[in-house]
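This report covers one protein model. Take a look at the fold before reading on.

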Amino acid sequence: MEHSASQQSGRHRSMLAIVFIISTAFFLSLGCSGQTDAKPAGHNKEFPVMKSAQEWKDLLGDARYRVMRLHGTERAFTGEYHDHKATGIYVCAACGKKLFSSATKYDSGTGWPSFYEPIQEEAVGESRDESYGMVRTEVHCARCGGHLGHVFPDGPEPTGLRYCINSISLKFEDAKD
Ligand SMILES: [Zn+2]
């Protein structure tokens, strides 16, 4: 009798362990989906400028839509502005919001236009990006949520930040205009 009672309580303990593991996995998976929802992509987050996927596609065209709404990345050294040195303002290619000044642009050697800070802190929003097995900080236009690129902590002074931006997410406005 004693033997069988202890066997039963052993089974009971392993059942409890299984329930614990299942519920922990459940809450962890909730945590993951929560982070996915927090991504900007323009799908879930509210922005002052909101459009349907079809409206964005019509407005931006395929290549720009793929980067700005689907978080694509243009190939290095292929964009319009990685080696662009004129004086002026870079605005959001989707909504025209002023994002970066040529005064903070520098040659990072990466093949993407790089800036050490946005024109105004509020102009650019940030989100956590865990795609491709990396943890990066994604940056987007604060007005329309359009994906711009990422910010890394290896930039020059005075901020030490590198805003690594897709050319196709930007439009340059000459200072003379
Ligand atoms: Zn925008």
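In this predicted model, β3 and β4 (residues 114-115) form an antiparallel pair with two bridges. Lys105 has Phe115 of β4 as its bridge partner.

That pair belongs to a wider arrangement. An open sheet of six strands runs β3-β4-β8-β7-β6-β5, with antiparallel pairing.

The protein as a whole has three helices and nine strands. Read from the N terminus, the order of elements is α-α-α-β-β-β-β-β-β-β-β-β. Of the 177 residues, 28% are buried. Contacts tell a further story: among those between residues at least 6 apart in sequence, 58% join residues at least 24 apart.

| β4 | residues 114-115 |

Is Gly155 buried or exposed? Gly155 is buried, because 20 other C-beta atoms lie within 10 Å, and the cut-off for burial is 20 or more.

Which residues does Gly155 contact, leaving aside neighbours within four places in sequence? They are Tyr116, Gly160, Leu161 and Arg162. Phe115, the bridge partner of Lys105, is 40 residues from Gly155 in sequence. In space, the C-alpha atoms of Gly155 and Phe115 are 8.2 Å apart.

Methods. Residues are numbered from 1 along each chain as its sequence is written. This is a predicted model: local features need pLDDT of at least 70, side-chain atom pairs count only at pLDDT 80 or more; totals for chains, interfaces and linings use all residues. Two strands pair if DSSP finds at least two bridges between them. Helices (H or I, at least four residues) and strands (E, at least two) are DSSP runs, numbered from the N terminus. A residue is buried if 20 or more other C-beta atoms lie within 10 Å of its own, exposed if 12 or fewer, and partly exposed in between; C-beta atoms are placed from the backbone. Two residues are in contact if their C-beta atoms, placed from the backbone, lie within 7 Å.
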